[in-house]
Amino acid sequence: MNPLALTLVYLLAAVLGVVACRFFKLPPMLGYLAVGMLIGPHALALAEDAQAMRELGNFGVVFLMFVIGLEFNLAKLRVMRRHVLGLGLLQVLLTMLTATLAALALQYLAPGLWSMHWQTALALSGAFAMSSTAIVVKLMVERLELESEHGRRIMGVLLFQDLAVVPLLVLIPALGSGGADAGQFLRELAMAALKAVAVISVLLVGGQRVMTWWLTLVAQRKSEELFVLNLLLVTLGLAWLTELAGLSLALGAFVAGMLISETAYKQQVESDIRPFHDVLLGLFFISIGMLFDWQLVLENWPLVLLFATFPLLLKVAVTSLLARALGASAGVALRTGLYLAQAGEFGFVLLTLAQNNDLVPGALLNPMLASMVLSMLATPFIINYSNAIVLKLISSDWLQQSLQMTSIARRSINANRHVIICGYGRCGQNLARILEQEGIAYVALDLDPERVQQAAAAGDSVVFGDATRLPALIAAGLARASAVVITYLELPSAKKVLAHVREHAPQVPVIVRTYDEQALEVLRQAGATEVVPETIEGSLMLASHALALVGIPLRRVLRIVRDQRDARYQLLRGYFHGSDDDSSDELQQERLTTLTLLPGAPAIGQSVAALALDALAVRVVSLRRSSGKAVALTALSILQGGDTLVLSGQAQALAVAQQKLLRA
C-alpha cells in the first residue's frame, strides 16, 4: 500500500472511531485504540508497519508532556497542596509498593505459574498506578462534581500523577539498564537522576530569561507561521537535548512547557500547539492499538482478567483507605477510590517505555494492554453507579447525607420569604451583608468546608451543601423562598439549579451571575429572571435585583447601591478565604478571617484599642459574644473569653495578629 493510501486509511479509521466514541459518549482515546486494533497486523492488517507508526506516535507523547509542563504552575500546586502532596503522593507510592510486593509474592507462592523480576514488577506498578485524567475529568464536569469533596481530592491525585510521570521517565530506563544487580541499578538510577537534575537546572536557571527574550523576539516579527515553527523548534529541540543526555524525549518536552508557562505567551502557545498535540497523540494511541494480538489475549484470558481486576481493586482499596486516613468521610473516600480505579493515558506511555527498555516480556504485553483498555471502558459505568455502590457498602453515607440535609433544614426552618444564596464566595458574601443590613433572612449553600466553617463561626447563615442537588434546595426552603441567587460562574451548574427551581418552585425568581453576555439567552431560556455580569459592580447589581424582588422600594435600593459605591468598595474588598482562593494574585488582597478567644488567650480583658492592631494594618470588623449575640463595636469594647472576632487584612498581617491575640 502506497503512503497516500495508507494515510487515507489512518484518517478514515480515526474519524470513524472518534465519531463512534462521541456517539456513545466515550473518550476519543478509546476510539484511537480501537482503530489501531482494527487496522493493525493482528486484525485486518491494513497497516503492518507498527514500528514506523509508533515512532511517529512518540511525538504525541512529547507534545502531551509539553502541555503538562505548560499547565504546571506553583500557584495551582499551592492551592491543592493538601490533596496533591498528601493524598496524591501517598496514592502513587503505596500503589506502586503494594503492586510490586504482590507480584513478587505471587512468584514465590506459584513459582511454576508466575515469574517476574523485581525491575519488571516495579516498572509495571508505575504504569498501573496512573489514572485517566481525560475520562475522569470529563465525567466529573458532566456530573458537576469538580467542586465536591471527592472531586477536589480526585483532581489533586490526578495532578500529582501527571507530575509523577517525570521521575518515572527517569526510573524506568534505569531499571532496564541496571540488570539484575541491585547495586548496578542504584548506580544507573543515581547517574540518570544526576543527569536529569543537571539538565533541568541548566535549563531552568538561565532558560527562563533566554526563553522570554527569544519568544519576544519572535513575536515582534508578527508572523503566526514563524511563531508556530518556533514552538516546534523549541519543543523538539529540548526533547532532543534530553535524549542526547541519555534521558527521555518526554522529559525535555516537559521542561520546555515549564519554561514557557511562566512567560506572557502561555495562552497563545497553548492554543497554537493544541492541534499538533491532539493529532500526534491520536497516532500514539493508534500505534498502541496496533500492538494488540487478540489470539494471545484469548489464549491468556485468565491473565487478562487478573490484570484487569487486581489493579482496579487494589487502587480502590489503597486510595479509599488513604483518603479516609487523611480526614475524608467513608462515603467520600470510597467515591474517590472508585473514580481513580482505572488505568490512564500515562500508563500506556510508561508501559511502552518499559517495553522499549526490555522490561516487559512479550507474553505479558498484550494481556496488560487489554486489561488497561477494559478498565477504562468500565470507568463510565463505575462512576455512574458510584453513588449506589457507596450507599450499598457504607450505610453511614446515607445517614451522613441525611444529617447534611437536616443541618440545612435546621438553618432554614424558621425562615420565610428568605433568599437562597448558591455559593458563598466573594459575591455571595457581599450579597449576604446587604441582606443582613436590610433585615432580610438568607440561607447560603457552599461546598468549601473551610469557608463554611469560617463564615459560620462569624455568625453567617451558611451551611455546607450542594446547590445543584434538589434535596439541598428543598431543605433550604425553596418553596418558601422569595428569591434564589446563583453567585458562582459554572454554566452547567447554574442550569441544573435553574432546572430544579423551574420544576419545583416556578414562582421563585432566580438571579444568576455570569462572565459576560454570551450565556445570557441560554440562562434566560433555562428560567433565569435576571442575568448579571461579573466583577464587583456585578455583585452590587445582584444585591439590587434581590432587594427589589423581595419588596424593598426601588428608591431605597438605589440609595443602598449608591452608599456602597460611596464607601469606595471598602467592605467589598474583604471576603472569607477558601482553599480555592490560594493563588499568587490573591495573596496581597484583603480578606476576612474569624478568630475565637479561648480561655487563657492574652487578649481577654483588653479593649479593642489596647490591641493596637492598626499598627499591623488589621482592623476588627465585628464582635460576637460566646452567647451568639453581636455587640456594637467600639474602641473601648472589652474582650471576653469565647468572643469571636472578625478581622480584616492581608494574609501575612492576619497571621501575625492571630499569633498576638492567642499566644502570650
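Helix 11 is largely enclosed by the rest of the structure, because 11 of its 13 residues are buried. The model is a predicted one. Its protein chain comprises 28 helices and 10 strands, and buried residues account for 53% of the 664 residues.

**Helix 11**

- Helix 11 covers residues 249–261 and extends 19 Å from its first C-alpha to its last, close to the 18 Å expected at 1.5 Å a residue.
- The buried residues of helix 11 include Ala 250, Leu 251, Gly 252, Ala 253, Phe 254 and Val 255.
- Further along helix 11, Ala 256, Gly 257, Leu 259, Ile 260 and Ser 261 are buried as well.

**The chain as a whole**

- Among the contacts in the protein chain with a separation of 6 or more, 72% are between residues 24 or more positions apart.
- The protein chain exposes about 30700 Å², and carbon and sulfur atoms supply 63% of that area.

**Aromatic pairs**

- How many aromatic pairs does a search of the whole structure find? The search finds two.
- One of them joins Phe 128 and Phe 307, a tilted pair with 6.1 Å from centre to centre and 35° between the planes.
- This pair links distant parts of the chain, since Phe 128 belongs to helix 6 (residues 118–129) and Phe 307 to helix 14 (residues 301–325), 179 residues apart.
- Both Phe 128 and Phe 307 are buried.
- Trp 213 and Trp 214 also form a pair, which is tilted because the ring planes stand at 45°, with the ring centres 6.1 Å apart.
- Trp 213 has a relative accessible area of 55%, so it is exposed.
- Trp 214 has a relative accessible area of 33% and is therefore partly exposed.

**A nonpolar surface patch**

- Leu 90, Leu 94, Leu 97, Leu 101 and Leu 326 make up a nonpolar surface patch of about 420 Å².
- Leu 97 is located in helix 5, which runs over residues 81–109, and Leu 97 counts as partly exposed because its relative accessible area is 47%.
- Leu 94 is likewise found in helix 5, and its relative accessibility of 31% means that Leu 94 is partly exposed.
- Apart from neighbours within four places in sequence, which residues is Leu 94 in contact with? Leu 94 is in contact with Val 318 and Leu 322.
- The C-alpha atoms of Leu 94 and Ser 125 are 10.0 Å apart, while the two residues are separated by 31 residues along the chain.

**Residues with positive phi**

- Most residues other than glycine have a negative phi.
- Arg 417 has a positive phi, near 55°, and is not a glycine.
- Arg 417 is placed in the loop between helix 19 (395–412) and strand 1 (419–422).
- Ala 612, again not a glycine, has a positive phi of about 55°.
- Where does Ala 612 lie? Ala 612 lies in the loop that runs between strand 7 (591–596) and strand 8 (619–624).
- With a relative accessible area of 38%, Ala 612 is partly exposed.

Definitions and conventions
Residues are numbered from 1 along each chain as its sequence is written. This is a predicted model: local features need pLDDT of at least 70, side-chain atom pairs count only at pLDDT 80 or more; totals for chains, interfaces and linings use all residues. Side-chain values use heavy atoms; hydrogens and water are left out. Patches are made of residues with over 30% relative accessible area and no salt bridge: like charges are joined within 9 Å, nonpolar side chains (Val, Leu, Ile, Met, Phe, Trp, Tyr) within 5 Å. Accessible areas come from the Shrake-Rupley method with a 1.4 Å probe; for residues, only the protein chains shown count as cover. A salt bridge is a side-chain nitrogen of Lys or Arg within 4 Å of a carboxyl oxygen of Asp or Glu. Helices (H or I, at least four residues) and strands (E, at least two) are DSSP runs, numbered from the N terminus. Buried means under 20% relative accessible area, exposed over 50%, partly exposed in between (1.4 Å probe, protein chains only). Rings of Phe, Tyr and Trp (its six-membered ring) pair if their centres lie within 6.5 Å; planes under 30 degrees apart count as stacked, over 60 as edge-to-face and the rest as tilted. The expected span of a helix is 1.5 Å times one less than its number of residues. Contact means heavy atoms within 4.5 Å.
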